[in-house]
Amino acid sequence: FTSLTNVQVRQTTTRLTSLLTGYKVGLSRPLIPGSVRLAFHDCVGGCDGCVNLDNADNSGLQTTARELNKVYDNEGFNKLMSRADFWALASVTALDIAAGFQECHTVLCLWLPRPEITFRWGRKDCPTSPSTSQVRSFPDGHGDLSSVKSFGNHTFGLNLRETVALLGAHTLGTAQKNQSGWNGKWVWNQHTLSNLYYQELISKSLRRPWTQINVGKRSDRWQWNAQSNEGGKAKGGTIFMLNTDMSLYKDIKVDSQGRSSCPTAATCGASETASIMEEYAANNALWMKEFSAAFEKMISYGYDNLAVPN
Ligand code: HEM
């Protein structure tokens, strides 16, 4: 690919927007969180338009990859940009849509913070794109803060603050029993990109406080459950966090099965990153800005020569 214009990017974004918002399973629109997660998984080891869907760590990405690939391969986008660029643009589009899913009905909504991610292009696909038999290593949700630190640093070259900002992506979407084995949504409103992840994690007014339970069937899946106090009873309900999420606020020590030494968050001490969590919980605009920068680094991983469209 020798050039990409702003007009072509706008046309691609328009098509992606109709795909991501039009594809509904119930009301969940799974391609929006799916596109954000796909970009993350594609960029581990360098963004290259290839994921190994037979690797259990990628479980749950099948639908998103299939739907994006259909449009990329059949509607001419493969003549414009690499698949890795297309997936990256899908993730940026998904975040922008999700930020607009605010439950607000007044003119004030116009001032709500939105992600500011510059889309650059020039990623190169692996020779077998969109699939690969390569097995890349993904972080384990049972890990503690040391594994989060090493994930951010070794996987994407992020510092700790950037890593804490990036993990707020878990505001979107769900974990599913038949996919990763974990189960639930991280926040009561999992359709909207916001700092709710930080607010729910540190909330002192939950209906039921954070407690670790094992939801695994064939193997252990320790996770933290709570009852949200937000959004009214019907909308709130049970929310969950992985150990890796909880470790950003609480100093949890986990055994080899993933079980924490302190079983309720209230009995765990503060973690090293607790004050960053509080900053993000208090300031959506600050989080959105730092999240955008960290996300941009993630979707550029492996390249130092990506170009802005002209
Ligand atoms: C410590 C690092 C991370 C761990 C352990 C982790 C783990 C997980 C797990 C277990 C799921 C559930 C998958 C399923 O059952 O379908 C999930 C979903 C998700 N993850 Fe992560 N993740 C991490 C980092 C990230 C990052 C860096 C991003 C993006 C910037 C991200 C975005 C998402 C999204 C959007 C979903 C929801 C997907 C959906 O609803 O289809 N995650 N993650």
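Let's start at a loop: Glu272 sits in the stretch between helix H9 (243-246) and helix H10 (274-282). Keep in mind that you're looking at a predicted model. Is Glu272 buried or exposed? Glu272 has 12 C-beta neighbours inside 10 Å, so it counts as exposed, the cut-off for that label being 12 or fewer. Along the chain, Glu272 and Leu248 are 24 residues apart, yet 7.5 Å separates their C-alpha atoms.

Now step back to the whole protein chain.

Next, find the ligand. Where does it lie relative to the domains? Both domain 1 (6-137) and domain 2 (145-291) give residues to the shell around the ligand, so the ligand lies between them. There are 26 residues around it, and the ones that come nearest are Gly60, Ala169, Gly173, Ala175 and Ser180. Two or more residues of the shell come from each of H2, helix H5 (145-156) and strand E1 (174-175). H2 turns up again with the largest share, this time five residues. As for the make-up of the shell, 15 of its residues are nonpolar, ten are polar and one is charged.

Finally, look inside. The largest nonpolar core has 74 residues, and Ala88, Leu166 and Met277 are those with the most contacts within it. Which helix gives the most to this core? That's H4, with ten residues. Like the ligand's shell, this core takes residues from both domain 1 (6-137) and domain 2 (145-291), so the core lies between them.

Leaving out residues up to four places away in sequence, Ala88 touches Ala39, Cys47, Phe119, Arg123 and Ile299.

Notes
Residues numbered from 1 in each chain as written. Predicted model: local features only at pLDDT ≥ 70, side-chain atom pairs only at ≥ 80, totals over all residues. Near = placed C-beta within 6 Å. Helix = DSSP H or I, 4+ residues; strand = E, 2+ residues; numbered from the N terminus. Nonpolar A, V, L, I, M, F, W, Y, C, P; charged D, E, K, R; others polar. Domains from an automatic or database assignment. Core = buried A, V, L, I, M, F, W, Y, C linked by C-beta atoms within 7 Å. Buried ≥ 20, exposed ≤ 12 C-beta atoms within 10 Å, placed from the backbone. Contact = placed C-beta atoms within 7 Å.
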